[in-house]
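Dear colleague,

Please find below the structure that I am handing over to you. A written account of the findings follows it.

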Amino acid sequence: MKHDDCEDCPAAAYLRKQPENLVVNGYRNWVAGLAHSDSRYWDAAWSAHAKALGTVDGQIALDAMAALIRQLGTCATCPLRFYKPGAGHLCRDECLVLGMVSGAQHGDEDLLVQSARLLTCSDACIEVIERASAYAGILLGHSQRLAPIPLSAIADIDMRSSLGGAGASGSLH
């Protein structure tokens, strides 16, 4: 059995939640579309957002996600990492994007800022926070609320990634 297909993997269970899946696979599809110059990935991201939020608000949300990714591409401290869309795992950068969105939705400024700082240079951190917050607000307006993420989980993710690499299948910068 391929590890991506493991139903018992904690990340796979987490990604079965619609809001988390929307964020992660939106991020993955958008970054994969950029990395591979393939609009099929963007179409998949739009389709998922439109299904969850409606056509108009789905496009608004996806535009906010694209703006977040553009800003991350400009100021990330290393190439953006991602797993292929649909994978049952989470890489460091995907966890940090989830941390930003969850932090914004739950009013957890420490989580939001720490997640952004781990992805960006300090000079551009505020722009990333603003874009992540905009995306989070659109999702929240459609009852797409992510589960709260403890700040300790982000610290653990950062420690683990510095020890053993990210393990993601792609990168873009």
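**Overall architecture**

The protein chain has eight helices and two strands, where helices (H or I, at least four residues) and strands (E, at least two) are DSSP runs, numbered from the N terminus. Along the sequence, the elements of the protein chain are arranged as α-α-α-α-β-α-α-α-α-β.

This is a predicted model, in which local features need pLDDT of at least 70 and side-chain atom pairs count only at pLDDT 80 or more, while totals for chains, interfaces and linings use all residues. Residues are numbered from 1 along each chain as its sequence is written, and side-chain values use heavy atoms, with hydrogens and water left out.

The protein chain has 173 residues, of which 48% count as buried (under 20% relative accessible area, with a 1.4 Å probe and protein chains only). Among contacts (heavy atoms within 4.5 Å) between residues at least 6 apart in sequence, 73% join residues at least 24 apart.

**Helices H2 and H3**

Two packed helices are described by the angle between their axes and the distance between the axes. For H2 (residues 18-36) and H3 (residues 39-53), the axes come within 7 Å and cross at roughly 155°; axes are lines fitted to C-alpha atoms, for helices over the stretch in contact, and angles run from 0 to 180 degrees between N-to-C directions. H2 is therefore roughly antiparallel to H3 (an angle over 145 degrees). The residues in this contact comprise ten nonpolar, six polar and no charged. Here Ala, Val, Leu, Ile, Met, Phe, Trp, Tyr, Cys and Pro count as nonpolar, Asp, Glu, Lys and Arg as charged, and the others, Gly among them, as polar.

**Helices H4 and H7**

H4 (residues 55-75) and H7 (residues 125-140) pack at an angle of about 160°, with their axes 9 Å apart. These two helices are therefore roughly antiparallel to each other. Their contact divides into twelve nonpolar, one polar and three charged residues. Including Asp 57 and Cys 75, residues of H4 meet residues of H7, Glu 127 and Arg 131 among them.

**Glu 20**

Glu 20 lies in helix H2 and is buried, with a relative accessible area of 1%. Beyond its neighbours within four places in sequence, Glu 20 is in contact with Tyr 14, Leu 15, Leu 98, Leu 146 and Ala 147. Glu 20 and Val 101 are 81 residues apart in sequence, yet 9.5 Å apart in space, C-alpha to C-alpha.

With kind regards

How values were computed: Parallel < 35°, antiparallel > 145°, perpendicular 65-115°, else oblique. Buried < 20%, exposed > 50% of the residue type's maximum accessible area, 1.4 Å probe, protein only.
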